[in-house]
Amino acid sequence: MAFVSVYFSLGTNMGRREENISRALTMLDEAMGCHWTALSHIIETRSWGFSGPKFLNAAVMYRIFRQPVSAEQQALDLLDMVKSIEARMGREVSPIFNPETGERIYENRIIDIDILFFGDERIDNPRLTIPHKLIAERDFVLFPLREIAKPSLKTAFPEYF
């Protein structure tokens, strides 16, 4: 059976931030059915896109079984799983949009889990874009990601490395 490497970013700026990251990792391990393969250092960064408390950010990679469904479907299933973890940790998602520009307005969060990469797949779905479309603009994602990225990811997506 084939494996696929999946990379996530984690961020939190509310409550006990270190505990939030630790709890999210434990919940990811449970949901994925395995322990993470690589974990970056945790870094502290300023809020991005709004004024708020500092964030703790990290990147994590899992090697999981490639399911007998399309890569897009498996990635969407992972999206549902991370959104469930966010909700169970207390994240309330009610995106606010600027009425003039239509752009999303960012806010504080107890946890944010984004799927950055799913193997070497490129997915463009209304619910999910992989690679995550804002990676290149976010040093708080790039720095931890570069720390744990496998050579195969760097080869598949050289624009980020």
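**Entry 1. Surface and model**

Accessible areas here come from the Shrake-Rupley method with a 1.4 Å probe, and for residues only the protein chains shown count as cover. On that basis I read that the protein chain exposes about 8,700 Å², with carbon and sulfur atoms supplying 51% of it. I note that this is a predicted model, in which local features need pLDDT of at least 70 and side-chain atom pairs count only at pLDDT 80 or more, while totals for chains, interfaces and linings use all residues. Residues are numbered from 1 along each chain as its sequence is written, and side-chain values use heavy atoms, with hydrogens and water left out.

**Entry 2. Overall dimensions**

For 161 residues a compact globule would come near 15 Å, and the protein chain has 15 Å, which agrees. The C-alpha trace spans about 45 × 35 × 30 Å along its principal axes.

Of the 161 residues, 47% count as buried (under 20% relative accessible area; exposed is over 50%, partly exposed in between, with a 1.4 Å probe and protein chains only). I then took contacts (heavy atoms within 4.5 Å) between residues at least 6 apart in sequence: 70% of them join residues at least 24 apart.

**Entry 3. Elements**

I counted helices (H or I, at least four residues) and strands (E, at least two) as DSSP runs, numbered from the N terminus. The protein chain has four helices and nine strands. Their order from the N terminus is β-α-β-β-β-α-β-β-β-β-β-α-α.

**Entry 4. Strand S4**

Which strands pair with S4? I used the rule that two strands pair if DSSP finds at least two bridges between them. S1 (residues 3–12) is joined to S4 by 10 bridges and runs antiparallel to it; within that pairing Leu 10 stands opposite Ala 58. S2 (residues 38–39) is antiparallel to S4 with two bridges, and Leu 39 stands opposite Val 60. S3 (residues 43–45) is also antiparallel to S4, with three bridges, and Glu 44 has Leu 56 as its bridge partner.

Why is S4 (residues 55–65) described as largely enclosed by the rest of the structure? Nine of its 11 residues are buried.

**Entry 5. Helix H3**

I listed the buried residues of H3: Phe 140, Val 141, Leu 142, Pro 144, Leu 145 and Ile 148. Their cover includes S1, S2, S3 and S4, together with strand S7 (112–118) and helix H4 (151–156).

Pro 131 sits in the loop between strand S9 (128–130) and helix H3 (139–148). The peptide bond from Ile 130 to Pro 131 is cis, with omega near 0°. Most peptide bonds are trans.

His 132 lies in that loop between S9 and H3. Is His 132 buried or exposed? With a relative accessible area of 16%, His 132 is buried. Leaving aside neighbours within four places in sequence, I find His 132 in contact with Asp 114, Ile 115, Leu 116, Arg 138 and Tyr 160.

**Entry 6. Ala 31**

Ala 31 belongs to helix H1 (residues 17–32). Its relative accessible area is 41%, so Ala 31 is partly exposed. Not counting residues up to four places away in sequence, Ala 31 touches Met 81 and Ile 85. Ala 31 and Val 82 are 51 residues apart in sequence, and their C-alpha atoms are 8.7 Å apart.

Definitions and conventions. The radius of gyration is taken over C-alpha atoms; the globule rule is 2.2 Å times the number of residues to the power 0.38.
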